[in-house]
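Biologist: I would like to go through this model with you. Please set each value against its cut-off.

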Amino acid sequence: MKKLLLLVPLIALIALPSPARADVPETDAQLAAEWQLAWDFYKFYQVLTNPLPITGRATRSQDISVDINSPRQHVFDAYSNFDNHIGRAAFLVRNVYHQVTVANGVRTNNLTAIEDIPLPIVGIVTSDKTHAQQRIHLNEYYYETDSWTLPNVVTHQKIVFDDLGGGVTRVTEHLTFEASIALIDYTVTNGVSSHQQTQAGLKAAIESGVL
């Protein structure tokens, strides 16, 4: 166990990508390489620590729902397309897709979401990255996403689409956050708030016919 605990911070220092500088945007190829490093580290960390209290990490879960006045198939197609989240999710400006595959009724998207976050105190915009894998179950009306971002914050999502009848669809997001004990409260509060903002934006766009 001592060797494992020493390995984790070592891998974090060697493998994890450093924060992007605001004045040097990364190429899609660089982002793809970072995605692979982050994904490899995520799988290592999940399998070997998942997350143990001794590592100083915690897990919290919360569900949020929204009812959308539109048929389930349409809501599912619009909501599961992450490009439709641009302009509706806080600060999201671009999705970079590294690989898209379809097998056994599941579309898998390996991607990096780019957010431009203003820093009013210093007057610059910094770029933040979330590396993710989205698995859309095309015939079962749900999708799953595992994502990783600095400083080693992991989010698991399962988004389910239920037909309530009468052309109304309920979207329920099952969210699980993993972060250090010091950051878990902040992570949950801001993560849930961000997802609620995205829900509201997608609901308005779908019901108005924009999407």
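Modeller: Start with a rule: a charge sits over a ring if NZ of Lys or CZ of Arg is within 6 Å of the ring centre and within 35 degrees of the ring normal. This is a predicted model, where local features need pLDDT of at least 70 and side-chain atom pairs pLDDT 80 or more, while totals for chains, interfaces and linings use all residues. Residues are numbered from 1 along each chain as its sequence is written, and side-chain values use heavy atoms, without hydrogens and water.

Biologist: How do you know that the charged end of Arg-72 sits over the ring of Tyr-141?

Modeller: The charged end of Arg-72 is 3.8 Å from the centre of the Tyr-141 ring, and it is placed over that ring. Lys-158 does likewise with Tyr-142, at 4.8 Å from the ring centre. Both distances are within 6 Å, so they pass the distance part of the rule.

Biologist: How many aromatic pairs are there?

Modeller: The count is 6. Rings of Phe, Tyr and Trp (its six-membered ring) pair if their centres lie within 6.5 Å; planes under 30 degrees apart are stacked, over 60 edge-to-face, the rest tilted.

Biologist: Why is the pair of Phe-76 and Tyr-141 called edge-to-face?

Modeller: The centres are 5.4 Å apart and the planes stand at 65 degrees, so the pair is edge-to-face. Phe-76 is in helix 3 (residues 72-80), and Tyr-141 is in the loop between strand 4 (124-137) and strand 5 (142-149), 65 residues apart. Helices (H or I, at least four residues) and strands (E, at least two) are DSSP runs, numbered from the N terminus. Phe-76 and Tyr-141 are both buried. Buried means under 20% relative accessible area, exposed over 50%, partly exposed in between (1.4 Å probe, protein chains only).

Biologist: What makes Tyr-79 and Phe-161 an edge-to-face pair?

Modeller: Their ring centres are 5.5 Å apart and their planes at 80 degrees, so edge-to-face it is. Tyr-79 lies in helix 3 and Phe-161 in strand 6 (residues 153-165), so the pair ties together parts 82 residues apart in sequence. Tyr-79 has 0% relative accessibility, so it counts as buried. Phe-161 has 1%, so it is buried too. Phe-76, Tyr-79, Phe-82, Tyr-141, Tyr-143 and Phe-161 form one aromatic cluster.

Biologist: Now the charges. What makes Glu-178 and Arg-57 a salt bridge?

Modeller: A salt bridge needs a side-chain nitrogen of Lys or Arg within 4 Å of a carboxyl oxygen of Asp or Glu. By this rule the model has 8. For Glu-178 and Arg-57, the closest N and O atoms are 4.0 Å apart. Glu-178 lies in strand 7 and Arg-57 in strand 1 (residues 57-68), so the bridge joins parts 121 residues apart in sequence.

Biologist: Why is Glu-178 called buried?

Modeller: Its relative accessibility is 4%, so it falls in the buried class. Arg-57, at 7%, is buried as well.

Biologist: Which residue does Asp-185 meet in a salt bridge?

Modeller: Asp-185 meets Arg-60, at 2.7 Å from N to O. Asp-185 is in helix 4 and Arg-60 in strand 1, 125 residues apart. Asp-185, at 47% relative accessibility, is partly exposed. So is Arg-60, at 37%.

Biologist: How far apart in helix 4 are Glu-207 and Lys-203?

Modeller: They are 4 residues apart, so about one helical turn separates them. Their closest N and O atoms are 2.8 Å apart, in a salt bridge. Glu-207 is partly exposed at 33%, and Lys-203 is partly exposed at 24%. Elsewhere, Arg-135, Glu-144 and Asp-146 are linked in a network of salt bridges.

Biologist: Which residues line the largest cavity?

Modeller: Ala-38, Trp-39, Tyr-42, His-131, Asp-146, Ser-147 and Trp-148 do. On a 1 Å grid over the protein atoms alone, a cavity is a set of points where a 1.4 Å probe fits but cannot get out; a pocket is an open set with protein on both sides within 12 Å along at least five of seven lines; lining residues have an atom within 4 Å of a point. The search finds 1 cavity of 30 Å³ or more.

Biologist: Which residues lie nearest the centre of the largest pocket?

Modeller: Glu-115, Asp-128, Thr-130, Thr-149 and Ser-194, out of 38 lining residues. Helix 4 gives the largest share of that lining, 10 residues.

Key: Grid points are joined across faces, edges and corners, and a volume is the space filled by probe spheres set on the points.
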